[in-house]
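Subject: Structure handover

Hello,

Here is the structure you are taking over. My notes follow it.

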Amino acid sequence: MTRTNETADRQGSGSAAKKPGAKAAPADIGTIGMLRWAWRQLTTMRVALILLLILALAAIPGSLFPQRIQDPGRVTRFIEENGRWGEILDSLQVFDVYSSFWFSAVYILLMISLVGCILPRTAQHWRAMRARPPKAPRRLTRMPGYATFPLGDDDPADLLDLAEERLRKHGYRTARNADHIAAERGYLKETGNLVFHAAVLGTVITMAVGALLGYSGQRVLVEGDTFTNSLVSYDSFERGTYFDADRLDDYRLRLNSFTSTFDDEAIGNQFGQPRSFEADITAFHDGAETQHRVRVNEPIRIDGSRIYLTGNGYAPVLTTRDADGDVTFSGPVVFLPQDGVYTSRGVLKVPDASPEQLGFVGILLPTAALNDDGELVSEFAELRNPYLVMSAYAGDLGLDDGVPQSVYELEAENMAEVTDPAGAPVTLQLAPGETTDLPGGHGSVTFEGVQTFIALDIRHDPTQGLLLLFSTLLLAGLGLSLFIPRRRVWVRVDGAEVEVAALARGEDPRVEQTVEDLAVELND
């Protein structure tokens, strides 16, 4: 038995051995010709994959920069802090990535490309699956895989019958011709390729539908507080274009406790690193009461809603009284962490204070200590030595102007800092349980203690099941297209000689071994 494999001949063995690449548009083809050329380029699988990659890259700014639809206040602060650079980014819609013209353009082009690519290829693949395997070419010696052996005393018809039986056993579709057997296998490779791209298209459309019908909202919840799933209960809410408030799931959540642990035994950069965050939540739904443990990246599900734990911090409990001793405010105030040791900043607004409205800007130090420069800092994130430092302002808070204000910022344009008799600004320094009197008859402030809070992200997407289906099909199609070889095999009796040849449509390192094994099997 002899075997040949000529590289030079392999390159000229047919269209399947050489894939066409991108071609430049011919000169002087006119407007119509140029549009046709552009359409052919757009509807290729290559361009579809490039657009998919561009879409993934285009989504990156959405995770690097604050988004206006989620946190308008943070976007405003970012633009103010970065000046001209922030204005340029805003003009480029970097703070509105997912509704920007450039993201939408890529999104739409990707869908057009996929549809224009999948439909013709599906029809072509369907015809190929129903067609007979192609007849053997005149010179099988030019095939990448080729082997020959003498016919001997065997009957040619019996040998072709045996070859057809063996090929069908290995999953080939066969066609009997006068002097040879033509066989082909690996149609699932192209099927998987089409399923993959159809699943990508389905995923893109499903995500768009989910964005139109779903919603997401955020809520800060202090220990002991209860959240009712209604529009007025959210701190921020992002609705889809066709969202219907009547479809909100009916449930309530109560935060019983929140536990966080930080590493206090590690040395170096690992000291003080968070190790666990866990919220104990009671859910009231359909007349039943259930207990849940919510952890980072481990959401709970109630009906179609997913509830994520996205943040946490401390809320000092403060009580303010006027000069007569009447309580003007009492309760926890959310302070937002500013660094890894939970140095937290917050604002308290007391519109009921008299004789003037009061505002406080404070810093909470969970574990207060003095650094080498004698400055108050927090050494650790846990509440080991909480200490509160605040500045006080008196005047008009501007809450009656009808202009929305952030609860985390104090609008002090119409306010003056409270000063002592010597005219120096007052700085309040309080440990839990301490009370400080304000000068000028503004009453007093008491630091009652510290509670914890969590930030919840609540999302509802009615297309989750479809998205899971398309994701599964995407992976399955990708596996088929990567691991199933597309191959054609011919067995021909040429006088006293038997030729076995194979051609791989794509990369197939086993095509030569397949021919050799089949030739040995038939010869034996």
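Two strands are taken as paired if DSSP finds at least two bridges between them. The model is predicted.

Phenylalanine 227 is found opposite leucine 253 of strand 8.

Helix packing

Helix 6 (residues 101-130) packs on helix 8 (residues 187-213) at an angle of about 150 degrees, their axes being 10 Å apart. Angles over 145 degrees count as roughly antiparallel, so helix 6 is roughly antiparallel to helix 8. The crossing of helix 6 past helix 8 is left-handed. Sorted by class, the contact of helix 6 with helix 8 holds 17 nonpolar, five polar and two charged residues.

Helix 8 also meets helix 3 (residues 45-58): the axes come within 12 Å and cross at roughly 40 degrees. That angle makes helix 3 oblique to helix 8. Helix 3 passes helix 8 in a left-handed crossing.

The remaining pair is helix 7 (residues 156-169) and helix 10 (residues 511-523), which pack at about 135 degrees with axes 10 Å apart. Helix 7 is therefore oblique to helix 10. In this pair, helix 7 passes helix 10 in a right-handed crossing.

The largest pocket

The largest pocket holds about 1900 Å³ of space. Its lining consists of 47 residues, and those nearest the centre are Asp71, Arg77, Val220, Leu336 and Tyr408. Elements giving two or more residues to this lining include helix 4 (60-64), helix 5 (72-91), strand 5 (215-222), strand 12 (305-321) and strand 23 (444-460). Strand 13 (327-332), strand 14 (336-337) and strand 15 (344-350) are also among them. Helix 5 supplies the largest share of the lining, six residues. By class, the lining of the largest pocket has 20 nonpolar, 15 polar and 12 charged residues.

Backbone points to check on screen

The peptide bond from serine 354 to proline 355 is cis, with omega near 10 degrees. Proline 355 sits in the loop between strand 15 and strand 16 (357-365).

Tyrosine 342 has a positive phi of about 60 degrees, although it is not a glycine. This tyrosine 342 belongs to the loop between strand 14 and strand 15. Aspartate 303 is likewise a residue other than glycine with a positive phi, near 55 degrees. The loop that holds aspartate 303 runs between strand 11 (300-302) and strand 12.

Regards

Note on methods:
Residues are numbered from 1 along each chain as its sequence is written. This is a predicted model: local features need pLDDT of at least 70, side-chain atom pairs count only at pLDDT 80 or more; totals for chains, interfaces and linings use all residues. Side-chain values use heavy atoms; hydrogens and water are left out. On a 1 Å grid over the protein atoms alone, a cavity is a set of points where a 1.4 Å probe fits but cannot get out, and a pocket is an open set with protein on both sides within 12 Å along at least five of seven lines; lining residues have an atom within 4 Å of a point. Grid points are joined across faces, edges and corners, and a volume is the space filled by probe spheres set on the points. Helices (H or I, at least four residues) and strands (E, at least two) are DSSP runs, numbered from the N terminus. Ala, Val, Leu, Ile, Met, Phe, Trp, Tyr, Cys and Pro count as nonpolar, Asp, Glu, Lys and Arg as charged, and the others, Gly among them, as polar. Axes are lines fitted to C-alpha atoms, for helices over the stretch in contact, and angles run from 0 to 180 degrees between N-to-C directions. Angles under 35 degrees count as roughly parallel, over 145 as roughly antiparallel, 65 to 115 as roughly perpendicular and the rest as oblique. A crossing is left-handed if the near helix is turned anticlockwise from the far one by less than a right angle, and right-handed if clockwise.
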